[in-house]
Amino acid sequence: MRQLTLTAAGFALGLASATFAEGYSIGVSNTVQGNGWREQMICAMRAQARVSGEVEKLVVAHRNTDAAGQIEDIRNLIEAGVDAIVLNPANPDALNSAIKDAIDAGIVVVAVDQGVTAEGAYILSNNQSEYAYLGARWLFERLGGKGDVIYMRGAAGTSADNDRHDGFSRALAEFADIQVVHEVFTGWQQDQGKQQIFDFIATGIPFDGVWTSGIDNVIVDAFLESGAPLVPIVGADNAGFVAMLQDVEGLQGAAVTNPGSVGGAGITLALRILGGDVPESRTVLVEPVLWENTSEDGREMIAAAQNPSLDPEWPVSVSVPGWTTYSMDDIIACEGPGG
Amino acid sequence: MTRWIGKHAWNIGLAALLAALLGVTKLIQPEFGVSGVESLTRAALPFAFATAAMAVVVIVGGIDLSVASMMAVTGVTAAVLMQHAGDGSSVAVTFLTLLVGVAMGTVNGSLVVLTKVPDIVVTLAMLFVWEGVALLILEAPGGAVADWLMAAVVGGLGGVVDWVPRALILMVFCISVVWVPIKRSRLGLSIYATGSDRAAAFRSGVAVGRTRVAAYAVAGLFCALGGLSLTMITGIGEPVPGPYLLASVAAVVLGGVTLGGGRGGLLGPIIAVFILRLIRLMLTLMAVDPNVTTIVEGAIMVIVVMIGGLLTLKGRRR
């Protein structure tokens with residue numbers, strides 16, 4: 001009986017808070033599921049929506065699909081009557097019809113991570129071309145401007161991979177004596193990337209460095225397991241790889257930040273626009289930072305970013321200064337408003 | 001009349017389920033109306049063509065795992081060719097794309113028949129082949145589509161029938177124009193005969209090999225329509241295949257087509273496509289945890305097919 005009363009009281013409280021919280025309803029659309037970066041993005045969105053106190057309901061459409069599927073999700077979110085949609089676009093051009101419908105319905109649309117070309121949408125993204133350029137330039141300088149590198153790209157045919165390819169090519173053009181001996185698409189899959197590097201090590205063709213598009217810690221694993229001599233490796237700021245930069249003896253490497261927490265920043269931008277605070281430019285770029293373990297300063301930055309409770313596939317940079325207000329615990333808990 | 005009902009029991013049941021789900025959707029979201037149905041139909045379009053393709057091959061007793069890849073090939077073909085084409089030549093491109101689909105289907109079917117390797121193995125291999133071909137044609141999403149094609153799937157018919165989505169008319173028209181004449185012809189009879197018992201069909205004088213190739217070619221044609229519909233919806237071509245393979249198998253099973261072949265039609269699977277899309281919409285409206293939605297989708301499918309199976313068994317015993 002007592003439990004029943006408690007439950008009833010809890011229920012009443014829940015109802016009361018639901019009616020008092022005069023908040024927005026925000027929709028989220030994402031098309032890659034089961035990838036550490038995207039999971040962090042979703043968790044950042046949930047955490048930011050929760051701590052903002054302005055969001056009553058967060059509707060998350062989060063699955064593996066193509067652009068047509070994302071159009072379906074956006075239309076479903078319009079049907080759900082949300083005030084704003086924060087999405088990670090599958091493609092910059094393909095979603096325009098659905099985004100236009102949303103904007104016509106008075107919905108604020110914010111694209112995070114990658115841009116969209118639809119008129120009236122806001123974009124908040126990591127600068128992907130710069131991401132690849134920074135890491136590639138560090139690697140080529142580390143090799144003294146001369147040598148053979150393995151180029152492990154992301155998923156073929158995605159716009160993030162294409163932007164990174166632009167940046168990588170830009171750096172490559174600056175170093176005439178750097179050769180790409182092997183170019184593969186990891187599909188941003190850990191197991192696939194590891195098998196690919198194993199296969200190449202087994203060929204015995206010499207190489208001096210590896211650039212990866214974020215499938216990084218398994219590459220280090222492959223060197224350690226096969227006993228091949230370590231070469232400089234460039235990866236992203238995934239927790240597992242950053243820990244390796246600190247702990248693995250003899251590993252020279254650099255991690256380029258590509259925070260998945262731009263998702264949380266996207267929620268903040270959407271809330272600001274809903275509150276009447278419209279940014280001057282429709283595009284806001286988050287610039288990447290490079291952390292390397294070959295200098296004292298770099299090692300300090302890496303040490304400061306460590307947190308043992310982070311998922312090893314998550315990016316270590318869990319927040320975007322000036323944009324996200326949640327704590328490390330909030331994002332790890334990954335709970336949305338009312339959850 | 002009772003015979004008609006008995007023959008179409010599964011489709012009637014599915015239609016009733018769809019109507020009930022539409023009612024529930026209206027309860028969850030009172031504003032759900034014409035625009036909601038229009039979005040739903042547009043979302044269902046590529047799934048409907050993929051499902052039609054899969055259904056034809058399953059009816060003939062095979063399975064085609066390369067449907068999504070063929071859609072990708074035809075989608076990028078159309079998008080690349082249309083990028084620089086005027087309105088006039090875009091019509092030609094559309095027909096050329098359909099031919100590409102038929103050609104790919106014919107290759108699939110011929111390989112299955114000539115090599116005598118099981119359908120599932122050949123089409124699994126072709127899944128990768130067509131996927132690679134799509135990436136060769138277009139490395140990254142791009143291209144363009146003629147405006148009249150994009151307009152063909154947006155909005156309603158206009159006037160008093162504005163509540164009828166154009167996408168629905170397009171879907172029903174394309175599938176009927178291809179399938180109804182085939183089903184009523186000798187080829188249709190051969191397809192069903194081959195699917196229900198290949199040896200018996202052969203002994204009755206059906207050209208089994210040619211029939212199977214023809215069924216795969218028809219599937220290729222539907223895939224081309226699916227690929228075109230994808231570019232019509234997005235305005236570009238995408239070389240990476242979407243989630244249409246498993247979704248089409250699901251809709252075919254839910255639509256009452258026996259996986260062994262020889263039984264079922266295209267109407268049931270198409271209604272099933274709408275049911276599956278509507279469930280996704282309902283789960284979004286209810287803000288269900290996205291990691292749970294796929295479980296719910298799968299569970300609903302198993303339950304419906306199970307209940308259907310039990311009812312059929314009961315009906316036979318009586």
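Start with both chains shown and select the contact between them: 30 residues come from chain A and 28 residues from chain B, two residues being in contact if their C-beta atoms, placed from the backbone, lie within 7 Å. The model is predicted: local features need pLDDT of at least 70, side-chain atom pairs count only at pLDDT 80 or more, and totals for chains, interfaces and linings use all residues. Residues are numbered from 1 along each chain as its sequence is written, while chains are lettered from A and ligands numbered from 1 in the order in which they are written.

Stay on the side of chain A that touches chain B. Strand 2 (55-62), helix 3 (67-79), helix 4 (96-104) and helix 6 (159-174) of chain A each supply at least two residues to that side. Helices (H or I, at least four residues) and strands (E, at least two) are DSSP runs, numbered from the N terminus. Helix 3 of chain A gives the most, with ten residues. Colour this side of chain A by class and it divides into ten nonpolar, twelve polar and eight charged residues. Here Ala, Val, Leu, Ile, Met, Phe, Trp, Tyr, Cys and Pro count as nonpolar, Asp, Glu, Lys and Arg as charged, and the others, Gly among them, as polar.

Next, colour chain A by domain: domain 1 is 2-126 + 260-287 + 317-333, and domain 2 is 128-256. These bounds come from an automatic or database domain assignment. The C-alpha centres of the two domains of chain A lie 32 Å apart. Eight residues of domain 1 of chain A are in contact with eight residues of domain 2 of chain A. The domain 1 side of that contact has one nonpolar, six polar and one charged residues.

Now select strands 2-1-3-4-5-11 of chain A, which in that order form an open sheet with parallel pairing; two strands pair if DSSP finds at least two bridges between them. Strand 2 and strand 11 (283-286) of chain A are the edge strands, each pairing on one side only. From one strand to the next, the twist averages 15°. Within this sheet, strand 1 (residues 24-30) and strand 3 (residues 84-87) of chain A run parallel and are joined by four bridges. Pick S29(A) and its bridge partner in strand 3 of chain A, L87(A).

Move to helix 5 (residues 128-142) of chain A. Its end C-alpha atoms are 21 Å apart, which agrees with the 21 Å that 15 residues should span at 1.5 Å a residue; the expected span is 1.5 Å times one less than the number of residues. Eleven of the 15 residues of helix 5 of chain A are buried, so the helix is largely enclosed by the rest of the structure. Buried residues have 20 or more other C-beta atoms within 10 Å of their own C-beta. Among them are Y131(A), W138(A) and F140(A). Just after this helix, G144(A) takes a positive phi of about 75°.

Strand 6 (residues 146-153) and strand 7 of chain A run parallel, joined by eight bridges. R153(A) has F185(A) as its bridge partner in strand 7 of chain A.

Finish in chain B at T25(B), found in helix 2 (residues 9-28) of chain B. T25(B) counts as buried because it has 21 C-beta neighbours inside 10 Å. Leaving aside neighbours within four places in sequence, T25(B) is in contact with F32(B), L278(B), L281(B), M282(B) and L285(B).

Terms used
Axes fitted to C-alpha atoms, helices over the stretch in contact; angles between N-to-C directions. Buried ≥ 20, exposed ≤ 12 C-beta atoms within 10 Å, placed from the backbone.
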